[in-house]
Amino acid sequence: MRTSIPNVENTDRLSISQTACVLEVSVSSVRRWINNRQMRATINARTGKTYIVGKEIKDFWSGTIFR
């Protein structure tokens, strides 16, 4: 896990693999956090692709999410 705040905009939409690169963790870790509802992911209705919003990444990194 990276030690400085991720450099993403609040409106950025990142895939699971891009999120893993930004947070410097494995894709499996990001999937586990999504499955355990520690991180919120959104699914595009048209394409079915999963993405995470930049604000969600920053909130998860800072630990302000308590679900």
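Contact here means heavy atoms within 4.5 Å. Keep that cut-off in mind for the whole tour.

This is a predicted model, in which local features need pLDDT of at least 70, side-chain atom pairs count only at pLDDT 80 or more, and totals for chains, interfaces and linings use all residues. Residues are numbered from 1 along each chain as its sequence is written, and side-chain values use heavy atoms, with hydrogens and water left out.

**Whole chain**

Start with everything selected. Among contacts between residues at least 6 apart in sequence, 49% join residues at least 24 apart. The C-alpha atoms fill a box of roughly 35 × 25 × 20 Å along the principal axes. The radius of gyration, taken over C-alpha atoms, can be set against a globule rule of 2.2 Å times the number of residues to the power 0.38. For 67 residues a compact globule would have a value near 11 Å, and the protein agrees, with 11 Å.

Next, colour by burial. Buried means under 20% relative accessible area, exposed over 50%, and partly exposed in between (1.4 Å probe, protein chains only). Buried residues make up 30% of the 67 residues.

**Secondary structure**

Switch to a cartoon view. Helices (H or I, at least four residues) and strands (E, at least two) are DSSP runs, numbered from the N terminus. There are three helices and three strands, and from the N terminus on the order is β-α-α-β-β-α.

**The strands**

Select residues 13-14, strand β1, together with residues 50-53, strand β3. Two strands pair if DSSP finds at least two bridges between them. β1 and β3 run antiparallel and are joined by two bridges. Across this pairing, leucine 14 stands opposite isoleucine 52.

β2 and β3 form a hairpin with six residues between them. In that turn, pick glycine 48, which has a positive phi of about 80°.

**Threonine 50**

Finally, centre the view on threonine 50 in strand β3. Is threonine 50 buried, exposed or partly exposed? Threonine 50 counts as partly exposed because its relative accessibility is 31%.

Which residues does threonine 50 touch, leaving aside its neighbours within four places in sequence? Its contacts are Ser15, Ile16, Ala41, Thr42 and Ile43. To end, draw a C-alpha to C-alpha distance from threonine 50 to leucine 14: the two are 36 residues apart in sequence and 8.6 Å apart in space.
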